[in-house]
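Welcome! Let's take a friendly walk through this structure, one region at a time.

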Amino acid sequence: MRVDGAVRRGEVAVDLGLQGHKALVGGASRGLGRAAAEALAAAGCDLLLWARDEAALADVARTVSKRHGVRAEIVTADAYDPATPQRLHEAATSTLGDVDVLVLNSGGPPRCGALETDRESWEASFRLLCTGPVELATRLIPGMQRRGWGRVVAILSSGVRQPIPGLVYSNACRSALVAWLKTAAAELASSGVTLNGVLPGRLATDRVAELDEAMARELGVDVAEVRRRSTTDIPAGRYGDPAELGSVVAFLCSAAASYVTGALVPVDGGMIKGVA
Ligand SMILES: NC(=O)c1ccc[n+]([C@@H]2O[C@H](COP(=O)([O-])OP(=O)(O)OC[C@H]3O[C@@H](n4cnc5c(N)ncnc54)[C@H](OP(=O)(O)O)[C@@H]3O)[C@@H](O)[C@H]2O)c1
C-alpha cells in the first residue's frame, strides 16, 4: 500500500477525500511529523508546518509542494513556550484561513526514571505533551465545529498502553493528553470533528537514534547491540519507517475514517503485547 494522493491496494485507488483541506502539522521538520506532512500533502492538503528549525522546515515545505503541487507554509515556534498555541493559531489564520486538520506533535521529553523526577521537568514536560497540545486544539476546534468537519490526530507513544522504562515523563504526560482526547472525542462525536491518536512503537527517526545511543552508553554496549535487543521485542522484526506512520495519520484524517473517533491506533509492528 502507498499513499499517493490516494491509498492504493493493488489496482484499486481509494480517494482520501482530503483534496484542498488545510492542515497544521507540528514537529514537521523531520521524523514522524515530517512523514505525516508528506502523507497529507500527497492526499492534497495545503499545509502550515511548525517546529524550531527554520531551514529544515523550509526544506520540507519546498520538497512537498514541488512533489505534490500543494501550498506549504512554515512558522517557527518552541513547544515549551506558553505563547506557542496563540502564535500558531494566529499564523494558521493568516496563512491558511481555516484549519481542517490538526496534527499534534513535537519533540519528546528527557529520559528519566520514576524516582528521579523534579518539579521543573514535570512542568516543562506537561506543557510539551499535554497543555500545549490541548490549548492549540482548543483554539482550532471551534472553527471545525462551525464548519461541521475536522480532524485532530495526536502523535503519542506505545508508552500510554505499556509504559516504557526510563521515560516516565512521556508515559505520564501523554496519558493525561489521552484522557483529554477521549473526553473531547465523546463531546464532539456528533459534530463531524474526530479526535484520534497514533501510538508509535519504534520508528527510525533521530529521536529513536538518540534514545538508542543513550541506552548504549548506560549499558556499556554498542548501539547496534541496543538495536538488536529492541528489535527482538518487535514481532515485525524491524524498526518502522516514518512513512508507515504518516499513512495511518492520513487515513485517520480521511473521509473514510468519519466514524473513527477516540481511537488509539498502534503503529508498532505488533510491539504492544496487551489486548487493550
Ligand atoms: N519515533 C518513534 O518511534 C517514537 C516512538 C514513541 C513516541 N515518539 C514521539 O513522537 C514524537 C515525534 O517523534 P520523532 O521520532 O519524529 O522525533 P524527532 O525525529 O526528534 O522529531 C521531532 C520533531 O519535533 C520538533 N521539535 C522538537 N522539540 C521541539 C520543540 N521544543 N518545539 C517545537 N518543535 C520541536 C523537531 O524539530 P526542531 O528540532 O526543528 O524543533 C522535529 O521536527 C515525539 O514526541 C516522540 O517522543 C516517537
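The side chains of Arg 229 and Glu 225 come together in a salt bridge, with 2.8 Å from N to O. Please keep in mind, here and below, that this is a predicted model. Both residues sit in helix H7 (residues 223–232), and because they are four residues apart there, about one helical turn separates them. Arg 229 is partly exposed, with a relative accessible area of 39%.

Why can such pairs form at all? Side chains of opposite charge can pair when their charged atoms come close.

How many salt bridges does the structure hold? The count is 13. One of them joins Glu 73 to Arg 71, whose closest N and O atoms are 3.1 Å apart. Glu 73 is partly exposed, at a relative accessible area of 29%, and Arg 71 is partly exposed too, at 39%.

Another salt bridge links Glu 244 with Arg 238, and here the closest N and O atoms lie 2.8 Å apart. For Glu 244 the relative accessible area is 34%, so this residue is partly exposed. Arg 238 is likewise partly exposed, with a value of 41%.

## Two domains

The domain assignment divides the protein into domain 1 (2–201 + 241–267) and domain 2 (204–239). As you look at the model, notice that domain 1 is given as two stretches of sequence, 2–201 and 241–267. Taken over C-alpha atoms, the centres of domain 1 and domain 2 are 25 Å apart.

## Where the domains meet

The size of an interface is often given as the accessible area lost when the parts come together. Between domain 1 and domain 2 the buried area is about 770 Å², and carbon and sulfur atoms give 47% of that area.

Charged and polar pairs also span the two domains. Between domain 1 and domain 2 there are three salt bridges. Elsewhere in the list of salt bridges, the side chains of Glu 218 and Arg 111 meet at 2.9 Å, N to O. Five residue pairs are in polar contact between domain 1 and domain 2, with both residues at pLDDT 80 or more.

## Thr 205, in a loop

Thr 205 lies in the loop between strand E9 (193–200) and helix H6 (206–219). Is Thr 205 buried or exposed? Its relative accessibility is 15%, so Thr 205 counts as buried. Not counting residues up to four places away in sequence, Thr 205 touches Gly 31, Leu 32 and Pro 242.

Ala 23 belongs to strand E4 (residues 22–26). With a relative accessible area of 0%, Ala 23 is buried. Leaving out residues up to four places away in sequence, the residues that Ala 23 touches include Leu 40, Cys 45, Leu 96 and Val 101. Along the chain, Ala 23 and Asp 100 are 77 residues apart, while their C-alpha atoms are separated by 6.0 Å.

Ser 29 can be found in the loop between E4 and H1. Ser 29 counts as buried because its relative accessibility is 11%, and buried means under 20%. Beyond its neighbours within four places in sequence, Ser 29 is in contact with Arg 34, Ala 51, Asp 53, Ala 56, Leu 57 and Val 60.

## Leu 115, out in the open

Our last stop is Leu 115, in the loop between strand E7 (101–104) and helix H4 (119–147). At 86% relative accessibility, Leu 115 counts as exposed, because exposed means over 50%. How far apart in space are Leu 115 and Gly 17? The two residues are 98 residues apart in sequence, and 47 Å lie between them in space, C-alpha to C-alpha.

Notes:
Residues are numbered from 1 along each chain as its sequence is written. This is a predicted model: local features need pLDDT of at least 70, side-chain atom pairs count only at pLDDT 80 or more; totals for chains, interfaces and linings use all residues. Side-chain values use heavy atoms; hydrogens and water are left out. Domain bounds come from an automatic or database domain assignment. Buried area is the accessible area (1.4 Å probe) that two parts lose on being put together, summed over both. A salt bridge is a side-chain nitrogen of Lys or Arg within 4 Å of a carboxyl oxygen of Asp or Glu. A polar contact is a pair of N or O atoms within 3.5 Å; within protein, one must be able to donate a hydrogen and the other to accept it, and residues adjacent in sequence count only if both atoms are side-chain atoms. Buried means under 20% relative accessible area, exposed over 50%, partly exposed in between (1.4 Å probe, protein chains only). Helices (H or I, at least four residues) and strands (E, at least two) are DSSP runs, numbered from the N terminus. Contact means heavy atoms within 4.5 Å.
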